[in-house]
Structure formats: C-alpha cells, structure tokens
Amino acid sequence: QVQLVESGGTLVQAGDSLRLSCVASGRSFRIYAMGWFRQTPGKEREFVGTISMNGGVTHYADSVQGRFTLSRDSDKNTVYLQMNNLKPEDTGVYYCATRVVGSGWTTGTDYGYWGQGTQVAVSS
C-alpha cells in the first residue's frame, strides 16, 4: 500500500511558475517510477510526465516539453513537478501516481496508486 499526497496547487497568472510536490508514505516509493497526470472537467485525464525509479530518465507530454520538469528526492519520499511559463490550458487537477511494473507510461492504466490531486488554475 502506498499513499500519495499532492500539494502546491494554487491560482496563478499565465507565465508564472509553480512547483507541485507529491509525498509518498507506506511502501517505499523508491521502487516505483512515478508519473504526473492532469484532468480538467470535460476532458480525459492527460499524461504530463513520468520519472524513473532513480530519477535518471524522464518523459514528457509534447504539450509541456521544455516547460515542465520532473524530479525526485528519495530521502524525502517526494517527487516534484516544476512548472514554468504556465498557460491557461495547463489548468486542471494534477495527480501523481506510481507506475505499474512492466507498463507503458502515457495512460492512466499504466499506473497503480494515485493521490487525491491538487488544483492548478492559470488565469489569462
């Protein structure tokens, strides 16, 4: 069992930066690759990015490539999503999740444990 708690979401202006955190408890998250997704009402849950178990490999959605950066701190059981140059279309509830062993990384079914999400709103 893994519990994930996201935090850091807030209302920001377009062009601002924001860092989201996901703190894991229970079973060590060091054995999991991690992912971030976001969801806006009326839209499908969208892949944002993923990071490998040791943090050495990352993949990002085209829509956030160059603006968002994933990182992790194993000592703090925390994965971060640094978001720069935010756009209104980045608005949504952001979720972190553990990736399933042997899975891909771009769909929700590739992930097992999920956090409750944190709301990010980017105004124009």
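The legends below describe close-up views of side-chain contacts in a predicted model. Local features in this predicted model need pLDDT of at least 70 and side-chain atom pairs count only at pLDDT 80 or more, whereas totals for chains, interfaces and linings use all residues. Residues are numbered from 1 along each chain as its sequence is written, and side-chain values use heavy atoms, with hydrogens and water left out.

**View 1. The disulfide between cysteine 22 and cysteine 96.** A search of the whole structure finds one disulfide, the term standing for a pair of cysteine sulfur atoms within 2.5 Å. The sulfur atoms of cysteine 22 and cysteine 96 are 1.8 Å apart, and the torsion about their S-S bond is about 55°, so the disulfide is right-handed. Because cysteine 22 lies in strand β3 and cysteine 96 in strand β9, the pair ties together parts that are 74 residues apart in sequence; strands (E, at least two residues) are DSSP runs, numbered from the N terminus. Cysteine 22 has a relative accessibility of 1% and counts as buried, and cysteine 96 is buried with a relative accessible area of 0%, where buried means under 20% relative accessible area, exposed over 50% and partly exposed in between (1.4 Å probe, protein chains only).

**View 2. A salt-bridge network that links Arg38, Glu46, Arg67 and Asp90.** The structure has three salt bridges, a salt bridge being a side-chain nitrogen of Lys or Arg within 4 Å of a carboxyl oxygen of Asp or Glu. Arginine 38 forms a salt bridge with glutamate 46, with the closest N and O atoms 2.9 Å apart, and another with aspartate 90, at 2.8 Å from N to O. Since aspartate 90 lies in the loop between β8 (78–83) and β9 (92–99) and arginine 38 in strand β4, the latter pair ties together parts that are 52 residues apart in sequence. Aspartate 90 also meets the side chain of arginine 67 in a salt bridge, at 2.7 Å from N to O. This pair links distant parts of the chain, 23 residues apart, with arginine 67 in the loop between β6 (58–60) and β7 (68–73) and aspartate 90 in the loop between β8 and β9. As for accessibility, aspartate 90 is buried at 0%, arginine 38 is buried at 5% and arginine 67 is buried at 9%, whereas glutamate 46 is partly exposed at 32%.

**View 3. The edge-to-face pair of tyrosine 32 and tyrosine 113.** A pair of aromatic rings is described by the distance of the centres and the angle of the planes. Rings of Phe, Tyr and Trp (its six-membered ring) pair if their centres lie within 6.5 Å, and planes under 30 degrees apart count as stacked, over 60 as edge-to-face and the rest as tilted. The structure holds six aromatic pairs. One of them joins tyrosine 32 and tyrosine 113, at 6.5 Å centre to centre and with 80° between the planes. Tyrosine 32 lies in the loop between β3 (18–26) and β4 (34–39) and tyrosine 113 in strand β10 (residues 111–114), so the pair ties together parts that are 81 residues apart in sequence. Tyrosine 32 is buried, at 10% relative accessibility, whereas tyrosine 113 is partly exposed, at 28%.

**View 4. An aromatic cluster formed by Phe37, Phe47, Tyr95, Tyr111 and Trp114.** The rings of phenylalanine 37 and phenylalanine 47 have their centres 5.7 Å apart and their planes at 70°, so this pair is edge-to-face. Phenylalanine 37 lies in strand β4 and phenylalanine 47 in strand β5 (residues 46–51), so the pair ties together parts that are ten residues apart in sequence. Phenylalanine 37 is buried at 0% relative accessibility, and phenylalanine 47 is buried at 10%.

**View 5. Arginine 45 over the rings of tyrosine 95 and tryptophan 114.** A charge sits over a ring if NZ of Lys or CZ of Arg is within 6 Å of the ring centre and within 35 degrees of the ring normal. Arginine 45 lies over the face of tyrosine 95, at 4.1 Å from the ring centre, and its charged end also sits over the ring of tryptophan 114, at 4.8 Å from the centre.

**View 6. The largest nonpolar core, with 30 residues.** A nonpolar core is a set of buried Ala, Val, Leu, Ile, Met, Phe, Trp, Tyr and Cys residues joined through side-chain atoms within 4.5 Å. Leu20, Met34, Trp36, Phe68, Leu81, Met83 and Tyr94 touch the most other members. The elements that give two or more residues to this core are β1 (2–7), β3, β4, β5, β7, β8, β9 and β11 (118–123), and β3 provides the largest share, four residues.
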